[in-house]
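Hello,

Here is the structure I promised to pass on to you. Please have a look at it first, and then read my notes below.

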Amino acid sequence: MTYVVTEACIKCKYMDCVEVCPVDCFYEGANMLVINPDECIDCGVCEPECPAEAILPDTEAEAEKWLELNREYSNVWPNITRKGVPPEDADEHKGEPGKFEKYFSSEPGKGT
Ligand code: SF4
Ligand code: SF4
């Protein structure tokens with residue numbers, strides 16, 4: 001089992017999650033984060049920290065389709081362990097449907 005980041009993170013990226021992860025298994029893309037499923041120890045502490053409710057355990061049906069995306073990009077994007085500055089328009093995109101199709105970028109973030 002692992003936790004995964006869903007499209008709800010796209011363009012929100014508040015990064016409250018990375019500060020609490022005991023094994024630093026978040027990775028940063030240009031406009032979202034992902035979790036490395038092989039490094040995640042399923043502690044669950046990140047889930048309630050996310051204001052966008054973007055983090056789900058992979059036991060939830062909604063999480064399943066995001067698992068491969070988390071696996072794939074956590075292997076190519078840089079590790080992020082410290083909270084950065086969220087985008088100015090983050091709140092405008094909170095809860096917006098269909099963000100993956102509209103905004104997903106495979107470009108890496110900066111990492112910390
Ligand atoms: S707190 Fe939630 S929305 Fe923000 S970066 Fe983490 S997973 Fe994404
Ligand atoms: S469940 Fe725990 S180990 Fe996994 S990403 Fe969240 S904080 Fe990190």
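**What I found**

The largest cavity is the space taken by ligand 1. (On a 1 Å grid over the protein atoms alone, a cavity is a set of points where a 1.4 Å probe fits but cannot get out; a molecule sits in one if more than half of its atoms lie within 2 Å of its grid points.) This is a predicted model, in which local features need pLDDT of at least 70 and side-chain atom pairs count only at pLDDT 80 or more, while totals for chains, interfaces and linings use all residues. Residues are numbered from 1 along each chain as its sequence is written, chains are lettered from A and ligands numbered from 1 in the order in which they are written, and side-chain values use heavy atoms, with hydrogens and water left out.

Among the residues surrounding ligand 1 are Cys9, Cys17, Cys50, Lys13 and Asp16, where surrounding means having a heavy atom within 4 Å. That shell holds 10 nonpolar, no polar and 2 charged residues. Here Ala, Val, Leu, Ile, Met, Phe, Trp, Tyr, Cys and Pro count as nonpolar, Asp, Glu, Lys and Arg as charged, and the others, Gly among them, as polar.

Ligand 2 sits in the second largest cavity. It has 13 residues around it, the closest being Cys21, Cys40, Cys43, Gly44 and Cys46. By class, 12 of the shell are nonpolar, 1 is polar and none is charged.

Now to the rings. Rings of Phe, Tyr and Trp (its six-membered ring) pair if their centres lie within 6.5 Å; planes under 30 degrees apart count as stacked, over 60 as edge-to-face and the rest as tilted. By this rule there are 5 aromatic pairs. In one of them, the centres of Tyr73 and Phe104 are 5.4 Å apart and the planes stand at 65°, so the pair is edge-to-face. Tyr73 is buried at 13% relative accessible area, whereas Phe104 is partly exposed at 21% (buried is under 20%, exposed over 50%, partly exposed in between, with a 1.4 Å probe and protein chains only).

Finally, two backbone details. Most residues other than glycine have a negative phi. Asp24, however, has a positive phi of about 50° and is partly exposed, at 34%. Glu53 also has a positive phi, near 50°, and is exposed, at 65%.

Best wishes

Conventions
On a 1 Å grid over the protein atoms alone, a cavity is a set of points where a 1.4 Å probe fits but cannot get out, and a pocket is an open set with protein on both sides within 12 Å along at least five of seven lines; lining residues have an atom within 4 Å of a point.
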